[in-house]
Amino acid sequence: MITVNKLIPRGQGLAPALVKRASSLSLDAQQCRQSRLQLSDQQGRALDIALPEGSLLRDGDVLVAEDGSLILVQSPLHHEPGACSASHAHDHHDHAHGHAQVPHVHGPGCKH
């Protein structure tokens with residue numbers, strides 16, 4: 001089993017060619033909200049995902065395995081009504097600094 005404990009939000013800073021070659025992992029909305037998972041990627045590799053408590057995975061995020069391989073997250077989370085949060089980058093920044101996450105509420109003036 002390969003341990004995965006690093007998250008790169010939206011693959012930020014990675015060359016598109018690297019992301020294109022990454023294995024992928026399809027997650028449902030519930031799985032995206034869990035920081036500990038044991039799943040298999042599209043290549044059939046067993047993954048032990050151990051992210052910091054409160055991590056939120058979204059479509060397009062890239063996970064880094066202990067062997068250096070990349071895994072692209074494919075998820076419907078950002079398409080679900082009511083599951084959208086204010087800003088993806090903001091969510092991860094807040095978790096890193098121990099701040100409480102405030103969920104985004106769709107309402108008048110929402111641009112989603």
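1. Basis. The model is predicted, so that local features need a pLDDT of at least 70 and side-chain atom pairs count only at pLDDT 80 or more, while totals for chains, interfaces and linings use all residues. Residues are numbered from 1 along each chain as its sequence is written, and side-chain values use heavy atoms, with hydrogens and water left out.

2. Confidence. The pLDDT (the predictor's confidence in each residue, from 0 to 100) averages 78 over the chain, and 68% of the residues score at least 70. Confidence is highest in strand E5, at 96, and lowest in helix H3 (residues 88-96), at a mean of 41. Over residues 79-102 the pLDDT is below 50, yet this stretch has 33 contacts (heavy atoms within 4.5 Å) in the model beyond near neighbours in sequence. Helices (H or I, at least four residues) and strands (E, at least two) are DSSP runs, numbered from the N terminus.

3. Sheet order. An open sheet of 6 strands runs in the order E2-E6-E5-E1-E4-E3, with mixed pairing; two strands pair if DSSP finds at least two bridges between them. Strand E2 (23-26) and E3 stand at the edges with a single partner strand each, so one side of each lacks a neighbour in the sheet. From one strand to the next, the twist averages 35°, an angle between N-to-C directions of axes fitted to C-alpha atoms, on a scale from 0 to 180 degrees.

4. Strand E5. Val62 and Val64 on one side of E5 (residues 62-65), and Leu63 and Ala65 on the other, are all buried, that is, under 20% relative accessible area with a 1.4 Å probe, protein chains only. In a regular strand the side chains alternate between the two faces of the sheet. E5 pairs with strand E1 (residues 2-8) in the antiparallel sense over 4 bridges, and Val4 stands opposite Ala65.

5. Strand E6. E6 (residues 70-74) and E5 are antiparallel over 3 bridges, with Leu72 as the bridge partner of Val62. The two strands form a hairpin with 4 residues between them, and Gly68 in the turn has a positive phi of about 90°. E6 also pairs with E2, here in the parallel sense over 4 bridges; Val73 is the bridge partner of Leu25.

6. Asp41. Asp41 lies in the loop between strands E3 (36-40) and E4 (46-50) and counts as buried, at 6% relative accessibility. A polar atom of its side chain lies 3.0 Å from the backbone nitrogen of Gln43. Leaving aside neighbours within four places in sequence, Asp41 is in contact with Ser23, Ser24, Leu25, Leu47 and Ile71.

Conventions
Buried means under 20% relative accessible area, exposed over 50%, partly exposed in between (1.4 Å probe, protein chains only). A polar contact is a pair of N or O atoms within 3.5 Å; within protein, one must be able to donate a hydrogen and the other to accept it, and residues adjacent in sequence count only if both atoms are side-chain atoms.
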